[in-house]
Amino acid sequence: MPLVYDQLQQPVNIPTQAQRIVSLVPSQTELLYDLGLDHEVVGITKFCIHPAEWPKRKTIIGGTKQFDFDSIQKLKPDLIIGNKEENYQEGIEMLMRYYPVWMSDIYKLDDAHTMIEQIGVLTHKQERAGQLVQEIQEQFSTIETFNGQRVLYLIWRKPWMAAGQNTFINNMLAISGFTNCLTEERYPELTASAIEQLNPDFIFLSSEPYPFKEKHFVELQQILPNAKLVLVDGEMFSWYGSRLLKFPAYLHSLVHHLNT
């Protein structure tokens, strides 16, 4: 079994050719599909909704924060792919006792490129992975950007939580030409008063992990009557696999929407 290192710089002994892969992260599940690994992927989480047919054909091994260890054991995986932020440390450490577990750690677009290339190596899909990275880079070279408008990107309600510095979402906002109005790192909780003091130009209400709807506009508009509130596709700002190919076109439509 060859020894490789994951994005946490942890050594992982993997089989020469992984035949039974479990994916613990929705965006990386979609990547595995786009790498052509339909036969090899045997287990996914209940949040792995792309491609649409996989939840019907693959074993569901629980959620990203709560694994069904019995289901995983029955699958006899020879490679498990996870992520530091999206999965929980205790569960990952438990899996590492019995299986090869490769972990990604992604804060910037370049980290995502590296992850795609490295998973391509792990699964003997280097050529396809290289093509995906090249296509993503080409798409991003043509994006239409904003002019530094200040954004509050909300991910949760009760309590309000937002994406701060040192997150992949923050990097995607910066690439898009926005300024994240939060100076705190990670995902701080916010009071209504704190949101009012931030006084962003735009408030983005993400479709995930909290399912924000237009009904939440009223509550926020009372706090910040002059801010423009927008429902945004959370997959576009937080998924770091092959879905990145769709981001530039999505950003173009968002630019048009915010400018009207």
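K158 counts as exposed, because its relative accessibility is 68% and the cut-off for exposed is over 50%. In this predicted model, K158 sits in the loop between β8 and β9 (160–162). Its phi is near 60°, a positive value in a residue other than glycine.

As background, most residues other than glycine have a negative phi, and most peptide bonds are trans.

## Two cis peptide bonds

Now for the peptide bonds. The one from H50 to P51 is cis, with omega near 0°, and P51 is placed in the loop between β4 (41–44) and α2 (54–57). Another cis bond runs from E208 to P209, where omega is near 5°. You will find P209 in the loop between β12 (202–206) and α9 (217–223).

## The largest pocket

The largest pocket holds about 730 Å³ of space. It is lined by 22 residues, and those closest to its centre are E85, E86, E208, P209 and S238.

Three elements, α1 (26–34), β8 (150–156) and α7 (168–175), each give at least two residues to this lining. Sorted by class, the lining has 13 nonpolar, five polar and four charged residues.

## Helices α5 and α7

Helix α5 covers residues 109–122, and its 14 residues reach 20 Å from the first C-alpha to the last, close to the 20 Å expected at 1.5 Å a residue. Its buried residues are L109, A112, H113, M115, I116, I119, G120 and L122. Among the elements that cover them are β1 (3–5), α1, β6 (79–83), β7 (101–104), α6 (126–140) and α7. After α5 comes H124, with a positive phi near 60°.

Helix α7, one of those covering elements, is itself largely enclosed by the rest of the structure, because six of its eight residues are buried. These are F168, I169, N170, N171, M172 and L173. G177 follows α7 and has a positive phi near 90°.

## The nonpolar cores

In soluble globular proteins, nonpolar side chains tend to be buried together. Here the largest nonpolar core has 67 residues, and the members touching the most others are L24, Y153, F178, F204, F237 and L254. Leaving out residues up to four places away in sequence, L254 touches F146, F204, V230, V232 and F237. A second, separate core has 19 residues, including C181, Y210, F217 and L224.

L198 is part of helix α8 (residues 192–198). With a relative accessible area of 17%, L198 is buried, because the cut-off is under 20%. Beyond its neighbours within four places in sequence, L198 is in contact with R150, L152, C181, L182 and L190. L182 lies 16 residues from L198 along the chain, and their C-alpha atoms are separated by 7.7 Å.

T59 lies in strand β5 (residues 59–60) and is partly exposed, with a relative accessible area of 31%. Setting aside neighbours within four places in sequence, T59 is in contact with V42, G43, I44, S71 and L75. From T59 to K74 there are 15 residues in sequence and 9.9 Å in space, C-alpha to C-alpha.

Definitions and conventions:
Residues numbered from 1 in each chain as written. Predicted model: local features only at pLDDT ≥ 70, side-chain atom pairs only at ≥ 80, totals over all residues. Heavy atoms only, no water. 1 Å grid on protein atoms, 1.4 Å probe; cavity = no way out; pocket = protein on both sides within 12 Å on 5 of 7 lines; lining within 4 Å. Points joined across faces, edges and corners; volume = space filled by probe spheres on them. Helix = DSSP H or I, 4+ residues; strand = E, 2+ residues; numbered from the N terminus. Nonpolar A, V, L, I, M, F, W, Y, C, P; charged D, E, K, R; others polar. Core = buried A, V, L, I, M, F, W, Y, C linked by side-chain atoms within 4.5 Å. Buried < 20%, exposed > 50% of the residue type's maximum accessible area, 1.4 Å probe, protein only. Contact = heavy atoms within 4.5 Å. Expected span 1.5 Å × (residues − 1).
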